[in-house]
Amino acid sequence: MFRTIIFSILILVAFYSCSYNSLDKGNDSKSIDLLNAKWIGDSIQLPAADSLFYLDNPAPIFRKEFEIKEELKSARLFITSAGYYNATLNGEKIGKNFLEPAWTNFEKRVYYTEYDLLEDLIPGRNCIGISLGNGFYNPLPLKMWGHLNLREHLPVGKPQFIASLKIEYADGRRETIETDKTWKYSYGPIQRNNVYLGEVYDARKELSGWNKIGYNDKQWGHSSELPGPGGELQKAFFPAIQVTDIKKPVKISSLSNSTFLVDMGVNFTGLYRVKLSGNPGDIVTFRFGERIYDNGQLNPMTTVAGQIKRADKGGPGAPEIAWQTDTYIFGNEKEVWYSPVFTFHTWRYMEISGISKKPQVSDIEGLALNTNVESKCSFSCSSELLNSIQEATVRTFLANLQSVQSDCPAREKFGYGGDLNATAESFIYNFDMQSFYRKTIYDWLDAMNDSIFIDTAPFVGINYCGISWESAFLTTQYNLYLYYNDTEIVKELYEADLKWMDKVANLHPDGIVKKGLSDHESMEPVPVELTGTNHYLQCALIMIEFASLMGDEESEEHFEKLALKLTRQLSEMYWSKSIPDPINRQTLFSTLLYNDIIPQNDILAAIDSLSMALENGPTGHLNTGIFGTKYMLETLSRARKTNEVFNVVNSTEYPGWGFMIDKGATTLWETWKESDNTYSNNHPMFGSVSEWFFKWLGGIKPDPENPGFEKFYIEPLLPDGLEYVKCTYHSPFGKIVSNWEVEEAGHIVFEILVPEGSIAIVNLHAGMDQNIEILDKISGIEYSPEKDLEADGCFELRVGEYTIVLSKIVTNEESPVALSK
């Protein structure tokens, strides 16, 4: 017995001593694709003092010439960097990717990319050129909010890169060109670059033809071999950041003889190409913002990095106001096209100063950048307001996908977990997020530690939000399981999940969460004991599912007991007794209903309380924050409060999405209240409304009992005043369509597409006086479902396209009305 106890203790010690990231280790830290290549960089040391980081620090450029001797069979370039890289072959950009590689904890993992160069290499001499940017590996010591210096929390160092070009000739011979000391380096025209403050480009420093064959590099230095950032090299398995849209100005205004304002029509994240004319030494400055002042001047204040808006707040050397700025200095060429490389901005308006004549619309392109997630899903309806809300939401989502899902793409650019918890399902309804969210989960795996909760992944030093943010590590896994049946990620990380739940139990031993951020941006107080404990309960419920999947009966029983305990505690604290004000009762009742905390006999009373809380909201609208908004939309819809929730969403009254649109917003705001100085105007937090469009107006919902849409629900709401909905979602089995339209005399026509391999459980909530006719759309023959589940219009449909007509039963006292085609 004693030996058994000792053995068990040793096992526990070994388990707890392992780090989160060690559970995900695969091969050695050097991928076979880059096995013999060396990390290389320049020989200049980083500045010794913080203030010196703000001086010119030219981006290094590297070149390597080589010869292609015979006919090629294949040519593959494997490359990555710590910081950003831009790669060219014979002077032309390699691939379509920007801001490579994806941001990670470079000490733990670095993703590399493979490029096929077979069609691009030419017989004879060729030249690869590489330029390096700072990215998040060499950030400025900018003290965001006056205290957060990223250099104190991120792994940092000199920008460096590693590459291997593997060539196979037609006769079977192989050759490899790899990074080593033989690569030559110098410095180019990019004098400064930062992801927040922008780029300074001095064309007087250009080295013409440096990345083409035949360039004289005798005065260049030999690259230094460096130890690398330390992270495991892994091949990127998710989409890269690319230009996904090109936008043209809708208006260009003159602010003075040398300053002009460009309006792109919508707020977005990305870069630009601009045609400029000038003389050697002329300086052109670009500033960016989401808004303009009433006098037509640029308002850059909602995009200021880390709220640095006064002298000395940002630390030694920092600008007084940390706005987004680029600078171009003319060289010998009097007419140029300029586009930055190693930064990205969030903007609708661009101020250009230092030019002598007004630009033409044809002189400017906006380059929308985002991780190029596949987007085959769509939602539209008869309400132009709802369509505008959906468009603004999608634009906001894409603007915040820059290899991490950020909360705002200008001021912070960080991957907050709370926003993931609130909006992941909305993102999934709009895009294929499987590989992106896998990358996100690994970011969390690398970011977490055993003793505290953190807020972002990669970790940037913020750790006050608590479990409602870090639980995104677990909830994102569940969303991959629910929507994609991704059981592999669950199996891979199950031990890490168990360990994480042990940490939660250690930090909150009695179950109640007492620290952290609550319903962020709620218009009334919400106790963290409610929202935090609610997320703890969600995690316990998820772990019941995961333990069952893993066949871990002991853990399954443990988490069932934990879920019952937390449910009882929340019920006793927030339902069984009167809760005094101030408290946001919308968030209160929706949170309790969302996780089935209300006793069965009290559910109707809770729904009534929820409706009353909505009526008592400002102008009968939501006043909830980051989580309560999602819960309100969901629980009102579950309770069939169809018109109530529709009237909130389809309204321009304050507060609400329609209010934002009515005020000219083209992306969602961080707060219900309009902000022209402090809060981001491009923030996905309230984007849970798009989930509601797909899940409740389109009615397309996953079945937790059959994850990955092997079975799924089509159960649309039909609010008064909405004439039609067109909704398409792409599941792992293929395209799902759920369209409906109200026609003459109350007839409702549904168009449904069920992909092969799936079964749709359709529930139209037909009344006793309604008739259901199901037609096979291809054959035009009436179809009888294999299984009627209920008498009120619930049935199963297998693969096929269907037209379903829901019509009123005609009695002897009524004359029939022809159904319009």
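Does Trp-575 count as buried or exposed?

Mentor: The model is a predicted one. In it, Trp-575 counts as buried, because its relative accessibility is 19% and the term applies under 20%.

The aromatic pairs give this side chain its setting. The structure holds 49 of them. One joins Phe-161 and Trp-183, whose ring centres are 5.7 Å apart and whose planes stand at 75°, so the arrangement is edge-to-face. This pair links distant parts of the chain, 22 residues apart: Phe-161 belongs to strand 11 (residues 160–169), and Trp-183 to the loop between strand 12 (174–178) and strand 13 (184–187). Phe-161 is buried at a relative accessible area of 0%, and Trp-183 is buried at 1%. Trp-575 has an edge-to-face pair as well: its partner is Phe-589, at 6.3 Å centre to centre and with 85° between the planes. Here the two residues are 14 apart in the chain, with Trp-575 in the loop between helix 9 (553–574) and helix 10 (585–594), and Phe-589 in helix 10. Phe-589 is buried, with a relative accessible area of 10%.

Tyr-654 is partly exposed, at a relative accessible area of 29%. Beyond its neighbours within four places in sequence, Tyr-654 is in contact with Met-523, Pro-618, Thr-619, Phe-659, Trp-672 and Lys-673. Tyr-654 lies 24 residues from Thr-678 in sequence, and their C-alpha atoms are 19 Å apart.

Aromatic rings also gather in a cluster, and some lie under a charge. Tyr-201, Phe-268, Tyr-272, Phe-286, Phe-288, Tyr-328, Phe-330, Tyr-338 and Trp-347 make up one aromatic cluster. Over the ring of Trp-337 sits the charged end of Arg-273, 4.4 Å from the ring centre. Lys-726 is placed likewise over Tyr-724, with its charged end 5.7 Å from the centre of that ring.

Phe-286, a member of the cluster, is named with Leu-797 as having the most contacts inside the largest nonpolar core, which has 208 residues. Helix 8 (residues 528–550) contributes the most to this core, namely eleven residues. Another core lies apart from it and has 26 residues, including Ala-75, Ile-94, Leu-117 and Leu-165. In soluble globular proteins, nonpolar side chains tend to be buried together.

Neighbours within four places in sequence aside, its contacts are Ile-752, Val-754, Ser-758, Ile-759, Ala-760, Val-762, Ile-774, Tyr-783, Tyr-802 and Ile-804. Leu-797 is part of strand 38 (residues 794–797), which is covered on both faces: Cys-794 and Glu-796 are buried on one side, Phe-795 and Leu-797 on the other. In a regular strand the side chains alternate between the two faces of the sheet. Strand 38 runs antiparallel to strand 35 (residues 759–763), to which four bridges join it. Within that pairing, Glu-796 is the bridge partner of Ile-761.

In one, six strands follow the order 29-32-33-34-39-36 with antiparallel pairing. Strand 29 (378–381) and strand 36 (770–776) are its edges; each has a single partner strand, so one side of each has no neighbour in the sheet. On average, neighbouring strands of this sheet are turned by 10° against each other, direction ignored. Strand 29 pairs with strand 32 (residues 724–731) over four bridges in the antiparallel sense, and Ser-378 has Thr-728 as its bridge partner in strand 32. Helix 15 (residues 688–697) lies across strand 29, strand 32 and strand 33 (734–742), running at about 80° to strand 29.

The other sheet also has six strands, in the order 5-4-8-2-13-16, and its pairing is antiparallel. Its edges are strand 5 (92–93) and strand 16 (221–222); each has a single partner strand, so one side of each is left without a neighbour in the sheet. Strand 5 runs antiparallel to strand 4 (residues 84–89), with two bridges between them. There Leu-89 stands opposite Glu-92.

Conventions: Residues numbered from 1 in each chain as written. Predicted model: local features only at pLDDT ≥ 70, side-chain atom pairs only at ≥ 80, totals over all residues. Heavy atoms only, no water. Core = buried A, V, L, I, M, F, W, Y, C linked by side-chain atoms within 4.5 Å. Buried < 20%, exposed > 50% of the residue type's maximum accessible area, 1.4 Å probe, protein only. Contact = heavy atoms within 4.5 Å. Pairing = 2+ DSSP bridges. Axes fitted to C-alpha atoms, helices over the stretch in contact; angles between N-to-C directions. Phe/Tyr/Trp six-rings, centres within 6.5 Å; stacked < 30°, edge-to-face > 60°. Lys NZ or Arg CZ within 6 Å of the ring centre and 35° of its normal.
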